[in-house]
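Subject: Structure handover

Hello,

Here is the structure I said I would pass on. My notes on it follow below.

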Amino acid sequence: MDLDLRKLRYFVAVAEHRQFGRAAQALYIAQPVLSRQIRAFEQELGCLLFTRTTRSVELTAAGRKLYDEAGRITTVVETALRRVHEAERGEQRLVVAFSPGLRVSEAIVAFTASHPEVHIDVFPLRWWEQDAPLRDGRAHVGYLRRPFDDTGLHTVPIGHETKVACLPVTHRLAGRRTLTSAALDGEPVLDVRTRRTSSLEEKFELIASGQGLALVPVSVAGSYSRPDLVYLPVTDAPPVETCLAVPEDTCAGPVTDFLDIATATLRRQSGEAKTEGGGGSV
């Protein structure tokens, strides 16, 4: 079965608006046309995507799954089309993704000095999509922290980061210079298992308001300094590995050249940061 991308976009609009009338307005088509397209899409797929009443439209289990996949599908297609157009124009473009707190600018400067013809874009990663942009084509190279799924990816170790505890300034432990894991026993920790947050900014707001604490890499702490939070080294917390990652089928061209230059640059940068950090408080 061929997937009709136009019908997929119609489906996403209805899923997001939960109402055919508003979805039709957003798509600039008539509501009866949209209804017919969705019914045809369901027939092609062989399953119901929505349960309909006179007052609401709700996703079925199959609809929820398709909605989860739809963003990745459309992203892959849009990225592929953009690259086709770039190739037709003779452009070379490199998209470098990076995890929060990690700095890749020095590597970009070094690469651009020897490859001025390559256009560079940067892609700030959200915590829940470490490797996804490398798989769906939104990024060519990633500067990431483990853990992430490295299946199908070629990874190059860069360095390690220590973890620090992020606490509100009013916390009973805030006056200490360092902490151990034992000192945090019984404390509410905000992580993916206890409370998902959509961004680091949201997490730090929750911490500052007394909702819990978090363990974060030291570079994240340095990038999100604020007066109502303190960051204390956790002396027995295992370090976090940083690495560069590219799809395994990337074997030539600007990506490979960038990987070589970035490896040397970021390893040096990581070593300098470790020397400067020296294990003191943040």
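Y143 has L244 in β10 as its bridge partner.

β5 and β10 belong to an open sheet of 5 strands, with the order β4-β3-β5-β10-β6 and mixed pairing. The edges are taken by β4 (118-124) and β6 (153-161); each has a single partner strand, so one side of each has no neighbour in the sheet. On average, neighbouring strands here are turned by 20 degrees against each other, ignoring direction.

At the β4 end, β3 and β4 pair in the parallel sense, over 7 bridges. Within that pairing, V96 has V122 of β4 as its bridge partner. β3 is mostly covered, since 5 of its 7 residues are buried.

Within β10, which spans residues 240-247, you will find T242. Is T242 buried or exposed? Its relative accessibility is 3%, so T242 counts as buried, the cut-off being under 20%. Leaving aside residues up to four places away in sequence, T242 touches L102, Y143, L144, R145, P157, I158, G159, H160 and E161.

**The helix on that sheet**

Which residues of α5 are buried? They are A107, I108 and F111. Looking down the axis of α5, these buried residues fall within an arc of 100 degrees, so they line one face of the helix. An α-helix has 3.6 residues a turn, so residues three or four places apart point the same way. The face of α5 turned away from the buried side carries V109 and A113, which are exposed.

**The three-stranded sheet**

There is also an open sheet of 3 strands, in the order β8-β7-β9, with antiparallel pairing. Its edge strands are β8 (214-217) and β9 (229-233), each of which pairs on one side only. Neighbouring strands in this sheet are turned by 40 degrees against each other on average, again with direction ignored.

5 bridges connect β7 with β9 in the antiparallel sense. Opposite C166 in this pairing stands Y231 of β9. Helix α7 lies across β7, β8 and β9, and runs at about 55 degrees to β7.

The loop between β7 (163-168) and α7 (200-208) contains G175. With a relative accessibility of 73%, G175 counts as exposed, because the cut-off for that is over 50%. G175 and A107 are 68 residues apart along the chain, and their C-alpha atoms are separated by 37 Å.

**The start of the chain**

Helix α1 covers residues 5-17, which makes 13 residues. From its first C-alpha to its last, α1 reaches 18 Å, close to the 18 Å expected at 1.5 Å a residue. The buried residues of α1 are K7, L8, Y10, F11, V12, A13, V14 and A15.

Just after α1 comes R18, with a positive phi of about 55 degrees. R18 lies in the loop between α1 and α2 (20-27), and counts as partly exposed at 35% relative accessibility. Y28, in the loop between α2 and α3 (31-45), also has a positive phi, near 60 degrees. Y28 is exposed, with a relative accessible area of 76%.

**Backbone and confidence**

Most residues other than glycine have a negative phi, and most peptide bonds are trans. That is the background for listing these places.

As to confidence, the chain has a mean pLDDT of 86, and 91% of its residues reach 70 or more. Over residues 278-282 the pLDDT is below 50, and beyond near neighbours in sequence this stretch has 8 contacts in the model. Where pLDDT is low, the predicted coordinates should not be read in detail.

Regards

Methods. Residues numbered from 1 in each chain as written. Predicted model: local features only at pLDDT ≥ 70, side-chain atom pairs only at ≥ 80, totals over all residues. Heavy atoms only, no water. pLDDT = per-residue confidence, 0-100. Contact = heavy atoms within 4.5 Å. Helix = DSSP H or I, 4+ residues; strand = E, 2+ residues; numbered from the N terminus. Buried < 20%, exposed > 50% of the residue type's maximum accessible area, 1.4 Å probe, protein only. Pairing = 2+ DSSP bridges. Axes fitted to C-alpha atoms, helices over the stretch in contact; angles between N-to-C directions. Expected span 1.5 Å × (residues − 1). Arc of directions from axis to C-beta.
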